[in-house]
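The tour below goes from one selection to the next.

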Amino acid sequence: MVEMRALTKRYEEGTEARSVIERADAEIHRGEFVALAGPSGSGKTTLLNLISGIDTPTSGDVLIDSVPITKLSEKDRTLFRRKNIGFVFQFFNLIPTLSVKENLLLPLQLNSFPSAESDDRVMYLLERIGMGDRIDSYPDRLSGGEKQRVAIARALAHNPPLILADEPTGNLDADTGRAILSLLKSLIDGSGKTMVIVSHSDVVAGMADRVLAMEDGKLVERIRGDGYVNNRLDS
Ligand SMILES: Nc1ncnc2c1ncn2[C@@H]1O[C@H](COP(=O)(O)OP(=O)(O)OP(=O)(O)O)[C@@H](O)[C@H]1O
């Protein structure tokens, strides 16, 4: 589903270039739930932005469903992302001037879903996340956990095969965070969707099928066992 090939991202700093990601290789399979771990500043968000095509690598490729998105024009990449990827962010990123319903309708409108079908889909998702009675509320009237539930429903609205989440529980208390993760996982389970979550949380790592960690610019698989045994994917 997601292939990274010799993926490299360098940032210019004055006259020097600093590598954040250096020839990282990895494959994430269809239907897998992968946690992306690693210390602060190790390049997790950078990697997620490369996978989604929001950012472009210095060299190397990202393929999604065998489509080399790194080789697409910016316009085609945007269209590809809009159709195939759902995003969940730490700070929810709901549009404050739109109601819950209107926030959920946005990805459907951007993907030209027929309006009758869109209304049914929004209602179905709001029921699934237990917020069927908040359809006309505005984001500033919702708690953090409720905002994130709406953001999850929005990420799933257009039924994308790939869900990317960047610290989705980072702005929530521990109990709410756990509830949000369980909800996200229950919505994904059995759907065949692939999910990558950037997180420092052990709860996320414990729920995931696999944990990949950024270490010195490379992606390293962490295998569960007596503690973690590191096993380089890319050497
Ligand atoms: N646009 C940019 N220009 C220069 N350096 C950048 C840029 N964006 C990110 N970096 C640097 O790249 C490194 C990786 O950043 P990134 O945000 O990907 O790390 P992270 O693992 O997600 O960190 P955190 O867990 O703290 O969110 C950091 O050292 C950061 O300063």
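A residue counts as buried here if 20 or more other C-beta atoms lie within 10 Å of its own, with C-beta atoms placed from the backbone. Keep in mind that this is a predicted model.

**Start with H3.** Select residues 100–110, which form helix H3. By that cut-off, Val100, Asn103, Leu104, Leu105, Pro107 and Leu108 are buried. What covers the buried residues of H3? Helices H4 and H5 are part of the cover. Just after H3, pick Ser112, whose phi is positive, at about 55°.

To see the contact, show side chains for Lys101, Leu104, Leu105 and Leu108 on H3, and for Ser118, Arg121, Val122 and Leu125 on H4. Five of these contact residues are nonpolar, one is polar and two are charged.

**Move to H5 and H6.** Select 144–156 for H5 and 174–188 for H6. Are H5 and H6 roughly parallel or oblique to each other? Their axes lie 10 Å apart and the packing angle is about 20°; H5 and H6 are therefore roughly parallel. H5 passes H6 in a right-handed crossing. On the H5 side, the contact is made by Gly144, Gly145, Gln148, Arg149, Ile152 and Leu156. H6 contributes Thr176, Ala179, Ile180, Leu183, Leu184 and Leu187. This contact divides into seven nonpolar, four polar and one charged residue.

**Go back to H1.** Select residues 44–52. Which residues of H1 are buried? They are Lys44, Leu47, Leu48, Leu50, Ile51 and Ser52. Just after H1 comes Gly53, with a positive phi of about 80°.

**Finish with the whole chain.** Clear the selection and show everything. The secondary structure comes to seven helices and eleven strands. The radius of gyration is 18 Å, close to the 18 Å that the globule rule gives for 235 residues, so the chain is as compact as a globular protein of that length. Along the principal axes, the C-alpha atoms fill a box of roughly 50 × 45 × 35 Å. Of the 235 residues, 37% count as buried. Among contacts with a separation of 6 or more, 69% are between residues 24 or more positions apart.

How values were computed: Residues are numbered from 1 along each chain as its sequence is written. This is a predicted model: local features need pLDDT of at least 70, side-chain atom pairs count only at pLDDT 80 or more; totals for chains, interfaces and linings use all residues. Helices (H or I, at least four residues) and strands (E, at least two) are DSSP runs, numbered from the N terminus. The radius of gyration is taken over C-alpha atoms; the globule rule is 2.2 Å times the number of residues to the power 0.38. A residue is buried if 20 or more other C-beta atoms lie within 10 Å of its own, exposed if 12 or fewer, and partly exposed in between; C-beta atoms are placed from the backbone. Two residues are in contact if their C-beta atoms, placed from the backbone, lie within 7 Å. Axes are lines fitted to C-alpha atoms, for helices over the stretch in contact, and angles run from 0 to 180 degrees between N-to-C directions. Ala, Val, Leu, Ile, Met, Phe, Trp, Tyr, Cys and Pro count as nonpolar, Asp, Glu, Lys and Arg as charged, and the others, Gly among them, as polar. Angles under 35 degrees count as roughly parallel, over 145 as roughly antiparallel, 65 to 115 as roughly perpendicular and the rest as oblique. A crossing is left-handed if the near helix is turned anticlockwise from the far one by less than a right angle, and right-handed if clockwise.
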